[in-house]
Amino acid sequence: MKFNQLILIFIFIFLNFSNFVTAQGKYNISFAMLDKCKMYDAVNGYNYKTYFHLSDLKHVTPQDDELIKINIYVLGSKDAHILFSPTSAPDPDTPVYEIGAGANTFCEIRKKRKSNPLKTKRLQILSVIDPVPITIRITRSGLIEVSIPGDILPLISAEDPDPILDLKYLLFSTWGSTSVRFFYDCPDMDGQELTPDPPPMTTQERLIKDIFANYDTFALPQLTEEVMIDTFTIKSVDYNEQKSLLSTRAKIKLSWNDSRLMWDPLDYENIKGLRNPSKASFWRPSLMLMNGVLETFKNLDIQYTFTLKYDGTITAESKEFEMTTLCFPGSGVQLHDWPSTEMGCYIQVMTQTESLAGFEDSIKLELDRESAWTVTKVFEDDDYVVNHIPFIEFESLTNLDGKSQTPRMCVSYIIYLKQNQSYFKMLFQVTLFSSLICLVLGAVSSKTYRFAFISISMIIISISMMSLGNFAPKFYKSTFAIDHESLMYLTWISIVFAIINIWCYEHPPETLPPMWIGIFINFYWTRQLIS
């Protein structure tokens with residue numbers, strides 16, 4: 001037992017060491033390179049205890065219109081805060097520039113401590129094993145920019161219409177019980193900066209930087225009324241009859257217009273489009289499967305290839321993705337019951353626009369009526385065939401949380417499924433009629449064979465019902481299952497009466513029954529009912 005524990009400990013140490021080596025090279029910054037930097041450890045929650053005068057830092061290198069340009073290396077899991085202030089002890093109402101990371105999920109540029117955000121953006125860059133290099137630029141015109149050295153686009157940037165020009169102090173802090181280490185005021189290393197200036201930008205890189213520099217991914221596109229579904233291509237369909245689940249693999253093509261991403265091609269060497277601009281983050285619709293189950297109940301996990309045009313038109317072509325919906329007779333268009341199932345299954349798709357304040361539903365979903373859906377082939381497997389896949393008009397839906405009643409526009413596709421084989425019907429009909437015939441033979445036979453025929457009927461119907469449980473849908477009770485259940489009850493009743501009949505023959509009564517019983521049995525209507 002001890003040997004096994006040692007093996008597990010060795011594997012754990014090896015894996016963690018491997019992760020350490022891999023993560024250390026992410027930004028190509030080693031701890032040896034940071035030995036000559038100044039270091040500050042921020043602990044014990046959100047408080048700015050120690051201040052550093054910017055004039056005392058030797059490697060703050062503003063140029064031209066820049067008020068501050070400084071390289072800082074951050075080592076921590078989350079909640080790093082950097083503050084530039086005109087005073088050494090700013091209070092909550094003092095105008096400052098605070099750059100805060102919240103739980104390593106978002107970053108904010110604020111003009112006051114913990115308030116008055118100028119820009120918020122979702123980011124996840126901090127690491128406890130890899131120092132993250134960031135460059136902070138603050139210009140006299142009010143531009144605050146945080147970037148990774150060498151990247152085309154900044155991590156986050158904001159513009160202050162009323163800039164703070166008397167910034168004198170640099171302060172660091174964290175949040176809660178998290179500890180963060182800051183490396184700052186780093187000198188040159190062998191004549192080179194730790195974060196060298198990036199090479200000159202190409203025209204395409206300059207275009208990307210210009211249109212995305214101050215782009216807010218959480219703001220809805222301007223002058224956009226709908227998201228257009230250009231094509232919806234069904235690639236494959238798989239129906240799990242027992243669980244009543246329809247798995248559909250599809251591709252979708254969306255288009256919308258965002259006037260914030262317009263440019264003049266003449267200013268950028270006649271570039272009229274961009275395909276998958278690197279490291280560019282922009283607004284895109286989030287598609288939600290309204291009648292989805294399992295992991296697709298909320299948002300569809302779709303990967304897109306984006307194309308941007310100079311007029312602000314964005315086209316998103318998805319890779320294949322899977323949708324799992326619940327489909328059983330009664331949930332869609334019911335034509336025939338199992339085992340001759342023929343029904344229509346709904347796929348209901350809507351847009352869900354996400355912002356920091358929650359979800360908004362002001363973006364509508366539209367259809368290209370001529371090419372909104374396509375089918376690559378007629379899908380056919382051992383059990384089912386897909387006949388046709390039409391779409392229907394919009395449906396006005398309400399939120400499912402029970403709190404709000406905002407109308408939601410939903411596009412519904414109907415996939416018609418028809419069972420491809422009839423062997424289930426033949427198999428279970430034969431067993432059903434065989435059991436019924438044995439039951440009838442038991443009713444008309446003498447007491448010697450009556451119990452035998454009824455027992456055979458019980459065995460046949462029991463085996464058939466057990467087989468039915470392996471093939472028939474479990475989410476609802478089909479007509480075939482109801483017929484088997486009724487015949488099972490009738491067989492049990494016949495067995496009980498057969499046992500009573502045999503017992504009465506084997507053990508006749510020693511005394512005559514009362515006269516009224518004979519009169520009742522010989523009554524005309526009683527005999528008609530018994531017969």
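## Nonpolar cores

Which residues touch the most other members of the largest nonpolar core? Phe-212 and Phe-232 do, in a core of 44 residues. A second, separate core has 38 residues, among them Ala-42, Ile-109, Ile-136 and Tyr-184. A nonpolar core is a set of buried Ala, Val, Leu, Ile, Met, Phe, Trp, Tyr and Cys residues joined through side-chain atoms within 4.5 Å. Buried means under 20% relative accessible area, exposed over 50%, partly exposed in between (1.4 Å probe, protein chains only).

This is a predicted model: local features need pLDDT of at least 70, side-chain atom pairs count only at pLDDT 80 or more, and totals for chains, interfaces and linings use all residues. Residues are numbered from 1 along each chain as its sequence is written, and side-chain values use heavy atoms, without hydrogens and water.

## Strand S4

S4 spans residues 81-85; 5 of its 5 residues are buried, so the strand is largely enclosed by the rest of the structure. His-81, Leu-83 and Ser-85 cover one side. Ile-82 and Phe-84 are buried on the other. Helices (H or I, at least four residues) and strands (E, at least two) are DSSP runs, numbered from the N terminus.

S4 runs antiparallel to S5 (residues 97-102), with 4 bridges. Phe-84 has Tyr-97 as its bridge partner there. S4 also pairs antiparallel with S11 (residues 169-173), over 5 bridges. Here Ile-82 stands opposite Phe-172. Pairing requires at least two DSSP bridges between the strands.

An unreviewed UniProt entry places "transmembrane region" at residues 426-444, 451-472 and 487-505. Such annotations may be inferred rather than shown by experiment. Residues 426-444 are 100% helix, with end C-alpha atoms 27 Å apart. Residues 487-505 are 100% helix, with their end C-alpha atoms 27 Å apart.
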